[in-house]
Amino acid sequence: MNRLLETFSDYYNRQDFNLFQNALAQKVYETLGASYSNSDGEVKIVTDLCKAIESETYGRLKFHAKKIHGSRSFVEFDNQDKPITKELADMVIISVATKDRKIIYEKTAFIQNKKEDTEKNIWKIDQDQLYLLHNFPTFKGKKGIFRKNFNDEVVFRNHSETLGNYGLFQSPGEMILVNALTVFRLQQSGKISFSDVRKHSHIRNNVFSFLFIDYPFWDEMLYRYFKHFPKYGFPFLNLPFLGNNMVSFNIYEFIRNWSLFNIGEVVSVCDKVTNYDLWNFNRILLRNAGLSEFINLKAERQEYEFDNNLAILVAHINLDEEE
């Protein structure tokens, strides 16, 4: 874990890493600009987004992006006293760090993408799906990936409030990433506008507010932090990486946050699984994104069925690779 902290600290202070982030953001802008004007829906935009990101590399960090075309997947849950069936999300963002082909740190964010109503400059929000992405009540698979791979009720912990999110596509080729809690707070009459989103206080939670929950060596990690990273806000532990960002207002912020692992809910840290059902689900996604070549993906079961219409975006930092 210490090597991961040192690697990100090194990258954050490198000009060539900043140039890489900016170049990737600009590439995504150019792709979305062309795709947005020629597309009627989110599927083509997300597919083109995956093509722009796939195989981008900086040092030990590599991006994998795959749009899988298949059947839509639905889950069943209770919204207050009413049973509801909805799609969970159409995109998943995973950040994973490995050492000796073993995952030492991973985060996940579910994204429901929405294309802007350009005449009214708003995004319409389905309230039942918002309830699901905000609260993550216990759910069951109704159709698709969860029904085929989970026999029992599924529970996803959302401690950081960033497991459920919206990708808000905006003309002429912009994407805003905002967590479901913020959408719930700022929406008006089932709709949210860019002016609503701008009301959000842009605050990143610090890494130790959630990273080392029940982590047995947390006092040792604190010592290492104080020793190596006092320039990042001592004594407030406000690292610019491995944090918890709730809103990225544009593509530049999204790429910078994702490449520094500031997006999503922590799933496991150094063999400590904080979210068991999500941990199992991640292994299904990582296998289908082609990460088995680089990562040992042992799970509760070794055989899974994947039939889902889903975009999987993975940022993988391999700490064994030489710079």
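Me: Why is the 33 Å between the end C-alpha atoms of H2 in agreement with its length?
Reply: Helix H2 covers residues 15-37, 23 residues in all. At 1.5 Å a residue it should span 33 Å, so the 33 Å between its end C-alpha atoms agrees. The expected span is 1.5 Å times one less than the number of residues. Helices are DSSP runs of H or I, at least four residues; strands are runs of E, at least two; both are numbered from the N terminus.

Me: What is the model's origin?
Reply: This is a predicted model; local features need pLDDT of at least 70, side-chain atom pairs count only at pLDDT 80 or more, and totals for chains, interfaces and linings use all residues. Residues are numbered from 1 along each chain as its sequence is written, and side-chain values use heavy atoms, without hydrogens and water.

Me: Which residues of H2 are buried?
Reply: Among them are Phe17, Phe20, Leu24, Val28 and Leu32. Buried means under 20% relative accessible area, with a 1.4 Å probe and protein chains only.

Me: And how many helices and strands in the chain?
Reply: 10 helices and 17 strands.

Me: Switching to cores. How many residues has the largest nonpolar core?
Reply: 50 residues. A nonpolar core is a set of buried Ala, Val, Leu, Ile, Met, Phe, Trp, Tyr and Cys residues joined through side-chain atoms within 4.5 Å. Phe156 and Phe281 are among those with the most contacts inside this core.

Me: Which helix gives the most to this core?
Reply: H10, residues 276-288, with 6 residues.

Me: What does Phe156 touch?
Reply: Its contacts (heavy atoms within 4.5 Å) include Leu88, Phe110, Phe146 and Phe281, leaving out residues up to four places away in sequence.
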